[in-house]
Amino acid sequence: MKKRSRMIAAVAAVLMGIMTGCGGEKKEEVSGNPGEIKVWVHFSDETPEGKAWQEIVDNFNEEYEGTYKAVTEYIPRSGSGGGYEDKVNAAITTNSLPDVITLDGPNTAAYAHSGVIAPLDEYLEDADMDDVLDSIIQQGTYDGKMYAFGFSESNVGVYYNKAMFKEAGIEEDQLPTLEDPWTWSEFQSVCKTITEKYQTPAINMQLASGDEMLTYGYTPFLWSNGGNVVNEDGTKAEGYFNDEKTVEALQFIQDLVKNGYTTISPIEKGFETGKYAMLLSGSWTMADLEENYTDIEYGILPYPVSDTTKELVSPTGSWQLAMTTKTEEKDASSEFIKYATNTESSKIISLGNSVLPIRNSTIELIKDEVSDGMRVLMEQNQMSGHARPVVVAYPQVSRAFQQAVQDISYFEENPDIQKVVDARATEMQQAIDNSLK
Amino acid sequence: MFKNKKVKENIIGYGFLAPALTLLIIFLVIPVCMVIYYAFTDYYLLTPEARQFIGLENFKRLFADPIFIKSIWNTVKFVVWIIPVQLGAALGMALIVNKQRKGNMFFKVAFFAPVVMSLVVISILWLYLLNPNEGLINTLLEKVGIASQPFLTSPKQAMYTIVFVSAWQGAGYQMLLFLGGMQNIPGDVYEAAEIDGFTKFEQFWYITMPLLKPTVIFVLLTTLISAFKLIVQPMVMTQGGPMNSTMTMVYYIYQTGFTDRLGGYSSSIALIFTTMIGLITIVQRKLVKEDKEV
């Protein structure tokens with residue numbers, strides 16, 4: 001008998017454990033003192049970004065001591081941004097979002113449309129918005145209102161190997177500048193020279209990545225040619241993505257593959273090890289080159305431009321800050337967002353994390369402190385940065401775009417570009433229609 | 001008195017069941033019910049409150065969705081190829097290590113090693129080996145005079161490449177099961193056969209295979225179901241491409257649910273997927289049972 005009751009007690013104990021284990025999930029919603037806000041960020045505090053961020057937060061807390069206080073929770077994301085966004089999604093379901101969150105550029109529309117984040121316009125009147133880069137405003141604006149404020153910027157250029165260029169007979173004075181970039185046909189003839197000289201593709205354009213890089217890196221070719229992915233208010237893809245301007249831009253890409261100037265299956269680290277003369281990549285590659293591949297002497301060239309328009313367009317976009325609709329600390333939250341995006345904070349994060357500034361005044365401030373390559377990207381960003389489309393169904397639109405680029409790079413299977421973009425435009429349109437129902 | 005005792009025993013019995021049952025209900029029954037419900041709603045991850053019942057709308061959209069249709073075919077293609085390749089390899093390896101030989105242990109460990117490694121690690125490893133330009137495989141092929149192959153970058157070859165990599169990774173586990181089955185076959189049966197003048201192949205065909213049948217059925221069942229759940233290899237190696245040629249059903253569930261935030265749509269794919277697996281299991285069990293009666 002005793003044995004039995006002991007067993008029952010044991011079972012009961014296990015059961016209790018399960019119950020309390022589940023109950024423990026519910027976090028207590030103590031929002032602390034008035035004026036104290038919680039901020040979720042997508043990086044770890046060990047990274048250079050995290051360290052720069054903490055400096056900004058500390059500065060804020062010092063300046064507003066006694067009034068406002070910001071507390072950061074670091075939630076590192078996995079490679080594709082998974083971990084962090086899952087946590088945000090879960091918090092939306094359980095209604096436990098913090099006061100301020102970070103979000104990736106292309107998420108603005110979805111979050112704003114769903115009422116997760118609140119418009120900032122009324123708080124931004126004294127934030128000197130004329131000083132902020134257009135690309136930041138484009139990226140954070142949905143339906144005419146500014147919902148999210150990017151705190152750093154990114155940009156892409158054509159990295160080139162100085163020694164290889166010289167050996168192939170391309171002189172310094174033939175190189176393009178921001179004022180006079182290469183047109184597509186000029187770019188192609190350079191590729192031809194290099195490909196013939198080295199018997200390898202001239203440039204790795206990251207065609208094989210099959211991810212967001214394709215949307216990010218290739219949309220500028222469309223925009224430069226006067227084309228577009230979706231219309232201004234993000235409601236139509238059919239008639240925009242499948243027009244002749246897109247077809248021309250994609251034809252340029254397909255020709256590069258067809259002629260062997262670029263490749264869908266590049267050698268791993270081909271540019272970094274001196275096998276390819278050029279690489280289409282963002283500011284982040286510089287850190288890698290300077291740390292691990294110091295043998296390569298490189299420079300950065302602006303984006304090639306359409307022959308017809310000759311308009312320089314370059315990709316931009318990065319993570320932003322936004323205030324959630326559920327916050328009760330609207331003044332503190334907006335004050336913090338403004339602080340984290342002012343000239344000084346932008347300088348801290350730009351230098352600390354080797355990213356691009358979001359304000360013209362910051363660019364002026366740090367222009368002479370950064371490397372030549374960084375300066376090219378900073379100025380290209382200032383002159384020609386274009387944010388990615390702001391649409392609610394961005395994940396699907398972006399994927400359809402990526403697949404269109406991938407499709408046309410298989411030129412033997414898909415010689416008819418018009419057919420590819422027609423099919424993909426239909427896909428985009430369906431996703432957009434469904435998202436706006 | 002007697003009745004009282006029985007009641008008590010029952011209580012204790014259920015008490016012991018309770019922890020397992022509770023976990024099962026929380027982590028299996030409730031989520032499954034939620035998925036069934038979500039499949040008929042327009043649940044969008046960012047607006048969980050605003051979801052509405054939309055009947056069969058999701059399913060109508062699904063069957064007009066070319067990527068979904070393609071993902072079904074890709075999954076079926078994978079299953080149809082992986083079963084013979086992987087089980088054949090497993091059986092062959094089991095036969096090799098079944099005999100007592102010198103260095104047997106080495107082969108056992110070598111054949112089993114890929115199973116204990118993480119699928120992601122294996123996928124990345126093969127990604128390097130299969131690089132069309134400088135990968136080891138193509139270098140070897142060129143050495144023996146075969147033109148280099150595009151492998152994962154070709155819409156025609158990508159799925160077969162994944163079949164090969166998956167079979168290489170998984171076969172060691174089934175080898176172990178086959179080996180267990182083989183070692184359960186008493187040695188005197190073989191002795192008798194040898195005396196009757198059976199060749200080695202006849203011994204394999206008329207003794208090993210029939211006596212191994214229960215193991216084969218078990219292995220077939222488990223491999224089939226896990227083969228349908230393919231996601232990691234295409235996710236890491238091809239992102240479902242090129243041209244959706246390696247997009248599988250489970251990967252599409254993930255993509256629509258977590259990337260596109262379409263909770264409802266994703267749930268409806270999950271529902272179809274579960275139904276498919278359920279049906280296959282039922283058919284399989286029926287077939288196996290009939291087999292047993294004969």
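A: Domain bounds come from an automatic or database domain assignment. In chain B, 34 Å separate the centres of domain 1 and domain 2, taken over C-alpha atoms. Domain 1 of chain B covers 1-37 and domain 2 of chain B covers 39-293. The model is predicted, so local features need pLDDT of at least 70 and side-chain atom pairs count only at pLDDT 80 or more, while totals for chains, interfaces and linings use all residues. Residues are numbered from 1 along each chain as its sequence is written, and chains are lettered from A and ligands numbered from 1 in the order in which they are written.

Q: Where is B:Ala39 found, and is B:Ala39 buried or exposed?

A: Helices (H or I, at least four residues) and strands (E, at least two) are DSSP runs, numbered from the N terminus. B:Ala39 belongs to the loop between helix 1 (2-38) and helix 2 (57-63) of chain B. A residue is buried if 20 or more other C-beta atoms lie within 10 Å of its own, exposed if 12 or fewer, and partly exposed in between, with C-beta atoms placed from the backbone. B:Ala39 has 23 C-beta neighbours inside 10 Å and therefore counts as buried.

Q: With which residues is B:Ala39 in contact, leaving aside its neighbours within four places in sequence?

A: Two residues are in contact if their C-beta atoms, placed from the backbone, lie within 7 Å. On that basis, B:Ala39 is in contact with B:Asn58, B:Gly264, B:Ser267, B:Ser268 and B:Leu271, its neighbours within four places in sequence being left aside. B:Ala39 and B:Ile54 are 15 residues apart in sequence, and their C-alpha atoms are 9.1 Å apart in space.

Q: How is B:Pro234 placed, and is B:Pro234 buried or exposed?

A: B:Pro234 lies in helix 10 (residues 232-237) of chain B. With 25 other C-beta atoms within 10 Å, B:Pro234 is buried. Leaving aside neighbours within four places in sequence, its contacts are B:Ile162, B:Gly240, B:Thr246, B:Thr248 and B:Tyr251. From B:Pro234 to B:Met159 the separation is 75 residues in sequence and 8.6 Å in space, C-alpha to C-alpha.

Q: Which residues of chain B does UniProt list for the feature "transmembrane region"?

A: UniProt positions are given in the numbering used here, feature names are shortened, and annotations may be inferred rather than shown by experiment. The unreviewed UniProt entry places "transmembrane region" at residues 12-40, 78-97, 109-129, 158-179, 211-232 and 262-283 of chain B. In the model, residues 109-129 of chain B are 90% helix and 0% strand, with end C-alpha atoms 22 Å apart. Residues 262-283 of chain B are 95% helix and 0% strand, and their end C-alpha atoms lie 32 Å apart. The unreviewed entry also lists "domain: ABC transmembrane type-1" at residues 72-284 of chain B; that span is 76% helix and 0% strand.

Q: At what angle do helix 15 of chain A and helix 16 of chain A pack?

A: Axes are lines fitted to C-alpha atoms, for helices over the stretch in contact, and angles run from 0 to 180 degrees between N-to-C directions. Helix 15 (residues 394-409) and helix 16 (residues 417-436) of chain A pack at about 170°, with axes 9 Å apart. Helix 15 of chain A is therefore roughly antiparallel to helix 16 of chain A. Angles under 35 degrees count as roughly parallel, over 145 as roughly antiparallel, 65 to 115 as roughly perpendicular and the rest as oblique.

Q: What is the phi of A:Asn95?

A: Most residues other than glycine have a negative phi. A:Asn95 is not a glycine, yet its phi is positive, about 55°. A:Asn95 sits in the loop between helix 3 and strand 3 (100-104) of chain A, and counts as exposed with 10 C-beta neighbours inside 10 Å.
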